[in-house]
Amino acid sequence: MSKLKDGFLWGGAVAAHQLEGGWQEGGKGVSVADVMTAGANGVPREITDGVLPGKNYPNHEGIDFYHRYKEDVKLFAEMGFKCFRTSIAWTRIFPNGDEKEPNEAGLRFYDDLFDECHKYGIEPVITLAHFEMPYHLIKEYGGFTNRKVIDFYMNFAEVCFKRYKDKVKYWMTFNEIDNQSNFDSEFSVATNSGILFSNVKKEDREAAMYQAAHYELVASAKAVKVGHEINPDFEIGCMINMTPIYPYNADPKNIMLAERLMQRRYWFSDVHANGVYPNNIEAYVTRKGYRKDITDEDREILKQGTVDYIGLSYYNSMTVKADGIDIDGDFSPEAPVTKNETLKTSEWDWPIDPVGLRYSLNWLTDRYHLPLFIVENGLGARDKVEADGSIHDPYRVDYLRAHIEQMEKAVDLDGVDLMGYTPWGCIDLVSAGTGQMSKRYGFIYVDKDDDGKGTFNRSKKDSFDWYKKVIASNGEDL
Ligand code: P53
């Protein structure tokens, strides 16, 4: 007997900008992802002022899913996917973001994609904003630092909800909205909020983030409310990057530091799920003079638009140490991060911590009492294609198996209400953080390298048949 419920949503996850390509096709506009160059481990992606000649923009071509989605969905179906998580590229629907009317060719692309999924009984799971803000909204309006952008987001959300109301049931409003808690990372604030370091002085970045995130939370709540009016059967969730922050040891200073950093990171989901800001953030923004623009109407809509479930990504945990830091002082949120000697790391230096997944599922359940949906999890690794074309990736299977085991313990032993599991990058795609192709997550290999060269042909890795078996046994045969 499977520990997981019938209808458990096994599948895979991607995001439009990381795989579609076709960046100028079907009337698509330029998004923030289209102005990000390729980086590497430790080399940040550059966010350029528009698309500049001579630069490598890996998202422009992605893996050409825009033209090859039928072949790819067929492979997902062969693995037995019950669902497929992707996003709707905002710039396919509103190329600049501030148009009155949507772009029909963009809408038609997703109609076709969702029809193709349903052909195989695959349920689309859709993120509205996954690091894909129209670049025009960033240049002309300052991204989400501008209240007007709530309305532009709402136009986009409403058009999608209405158009796909009979094709999509599961939605998420903003991908990993809490990444920007690390406001020292331009990648995070640009992809979450459309904040560019060139536009905001260093000392103003944290303030800009709190204001922008507030507008996003209002936009999300409005979307939840409107979505439920359009189709009461919609399940609309938030989506957070769940990275639990551990104290280095039992020194109370480290425990308090970890708690404070958890507060700085998980207030986004508090507002999404509870409809109110937690006390610690009210105290913080009041003391710092942040989030100046909040109205009674905002507070009311936050209460009315609480989410139906918590979507989360889980890759790793973080460990912090208070050495040399005044835990009541103001410090960069990543400053106290230290190595956790108990954990091995990936080739990209991400700690590997399967028990952290069970811990996170428990923590979120205790905090929100809502269903959870693991919409990202996985290992970015280099793969080697053998002379006969086969790809042996036991490291990927080991990672996923260990995480699925912990997920099943959370359900079976701890009573966590879990909707589904969609490992990240079920087909190789462009890494969000580094822009590399060589950081691969897929069950399906794509022949494209970091310079954009290759046939773009698809082939199955060993993990393909393994995952097929996992799904067929509803997680029993690992
Ligand atoms: P990549 C940072 C930390 C954790 C998750 O990431 C993150 C990021 C941003 O890179 O993003 C999520 O491709 C995100 C996906 C992304 C995936 O994790 O850097 O939702 O878009 O591709 C993995 O290895």
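The side chain of Tyr 441 places an N or O atom 2.6 Å from an oxygen atom of the ligand, a polar contact in the sense of a pair of N or O atoms within 3.5 Å. Alone, the ligand exposes 480 Å², of which the protein buries 90% (accessible areas by the Shrake-Rupley method with a 1.4 Å probe). The model is predicted: local features need pLDDT of at least 70 and side-chain atom pairs pLDDT 80 or more, while totals for chains, interfaces and linings use all residues. Residues are numbered from 1 along each chain as its sequence is written, and side-chain values use heavy atoms, with hydrogens and water left out.

**Ligand site**

- His 130 has a side-chain N or O atom 2.8 Å from an oxygen atom of the ligand.
- For Glu 176, a polar side-chain atom lies 2.9 Å from an oxygen atom of the ligand.
- Around the ligand are 16 residues, of which Gln 18, Glu 376, Ala 432, Lys 439 and Tyr 441 come nearest (near: a heavy atom within 4 Å).
- This shell comprises seven nonpolar, six polar and three charged residues, with Tyr counted as nonpolar, Glu and Lys as charged, and Gly as polar.
- The ligand takes up the space of the largest pocket.
- A pocket is an open set of points on a 1 Å grid over the protein atoms alone, where a 1.4 Å probe fits, with protein on both sides within 12 Å along at least five of seven lines; a molecule sits in it if more than half of its atoms lie within 2 Å of its grid points.

**Sheet E6-E8-E9**

- Three strands make up an open sheet of mixed pairing, ordered E6-E8-E9 (strands are DSSP runs of E, at least two residues, numbered from the N terminus; pairing takes at least two bridges).
- Strands E6 (245–247) and E9 (337–338) are at the edges with a single partner strand each, so one side of each has no neighbour in the sheet.
- E6 pairs in the parallel sense with E8 (residues 318–320) over three bridges, and Ile 245 has Met 318 in E8 as its bridge partner.

**Pairing with E11**

- E1 (residues 9–13) and E11 (residues 418–421) are parallel, joined over two bridges; Leu 9 is opposite Gly 420 in E11.
- E10 (residues 372–376) also pairs with E11 in the parallel sense, over two bridges, with Leu 372 opposite Leu 418.

Terms used. Polar contact = N/O pair within 3.5 Å; in protein donor to acceptor, adjacent residues only side chain to side chain. 1 Å grid on protein atoms, 1.4 Å probe; cavity = no way out; pocket = protein on both sides within 12 Å on 5 of 7 lines; lining within 4 Å. Helix = DSSP H or I, 4+ residues; strand = E, 2+ residues; numbered from the N terminus.
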